[in-house]
Amino acid sequence: MVQCILSSPSTSVTSTPSLLHHSRNLSWNFSSKVSIKESPRKRNSKTLITFSSSSQIPTVGKNEEEEKGSVSSASDIVRNFYDGINRHDLASVEDLIAENCVYEDLVFPQPFVGRKAILDFFKKFTDSISKDLQFVIDDISNEDSLAIGVTWHLAWNGKPFPFSKGCSFYRLEVVNGKKQIIYGRDSVEPSIKPGESALVAIKGVTWLFQRFPQLADKL
């Protein structure tokens, strides 16, 4: 036990020479518990602060849900999402999607809005493909607790499927103590790749906007 006497209101700390000597040999890995005892005097009282030395480094406090392990990381939520789609188990996916989620697949002209619309889309998707065709996560971000980027491809019995590379973005929010996907966007590799002609098309469109600014107003 290490004891320090703090005098109030002064900020000076009184310590014995032996404490200063032994303090050099302490690892200062204190436990998160600090007991404070105050004398009944109202003014010029002394406060005894006792630190319990420990071999463990104190950690940042977590909320009760995290300590119980019930709050998964954002990357785990997204991994579970893909796993459920691969198994055609939409019941396991349903609780990962927020009720008011917006999902954009850039192959389609309009986003899917709401959990039901999104589940209906994936029901059509899983009904149209075999379980032999699986999403494979190539890379996934782990740093942000509520925003996830993913690169992926499709594989048929472990072999890469043609024109199936994609990247996705997911934003999550905490709903009733659980993280859910509130927004998603998929960008899929095109089967027709225009190459440099795409640059020519972009150049032509920008020239039109510069020549006729009113056209840009209609975007």
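Predicted model: local features only at pLDDT ≥ 70, side-chain atom pairs only at ≥ 80, totals over all residues.
Me: Why is Cys101 called buried?
Reply: Buried means under 20% relative accessible area, exposed means over 50%, and partly exposed is in between (1.4 Å probe, protein chains only). Cys101 has 2% relative accessibility, so it counts as buried.

Me: And what makes Cys167 partly exposed?
Reply: Its relative accessible area is 39%, so Cys167 gets the in-between label.

Me: Where is Ser168, and is it buried or exposed?
Reply: Ser168 is in strand 10 (residues 166-175); strands are DSSP runs of E, at least two residues, and helices are runs of H or I, at least four, numbered from the N terminus. With a relative accessible area of 6%, Ser168 is buried.

Me: What makes the pairing of Ser168 and Trp152 a polar contact?
Reply: The term needs a pair of N or O atoms within 3.5 Å; within protein, one must be able to donate a hydrogen and the other to accept it, and residues adjacent in sequence count only if both atoms are side-chain atoms. The side chains of Ser168 and Trp152 are joined at 2.8 Å. Ser168 also makes a polar contact with the side chain of Tyr82, at 3.3 Å.

Me: Why do Lys178 and Asp95 count as a salt bridge?
Reply: A salt bridge is a side-chain nitrogen of Lys or Arg within 4 Å of a carboxyl oxygen of Asp or Glu. Lys178 and Asp95 meet at 2.9 Å, N to O, so the pair qualifies. The pair links distant parts of the chain, 83 residues apart: Lys178 is in strand 11 (residues 178-188), and Asp95 is in the loop between helix 4 (90-94) and strand 5 (97-105).

Me: Why is Lys116 called exposed?
Reply: Lys116 has 61% relative accessibility, so it counts as exposed. Lys116 forms a salt bridge with Asp120, with the closest N and O atoms 3.0 Å apart. Both lie in helix 5 (residues 115-128), four residues apart, about one turn of the helix.

Me: How many salt bridges does a search of the whole structure find?
Reply: Eight.

Terms used. Residues numbered from 1 in each chain as written. Heavy atoms only, no water.
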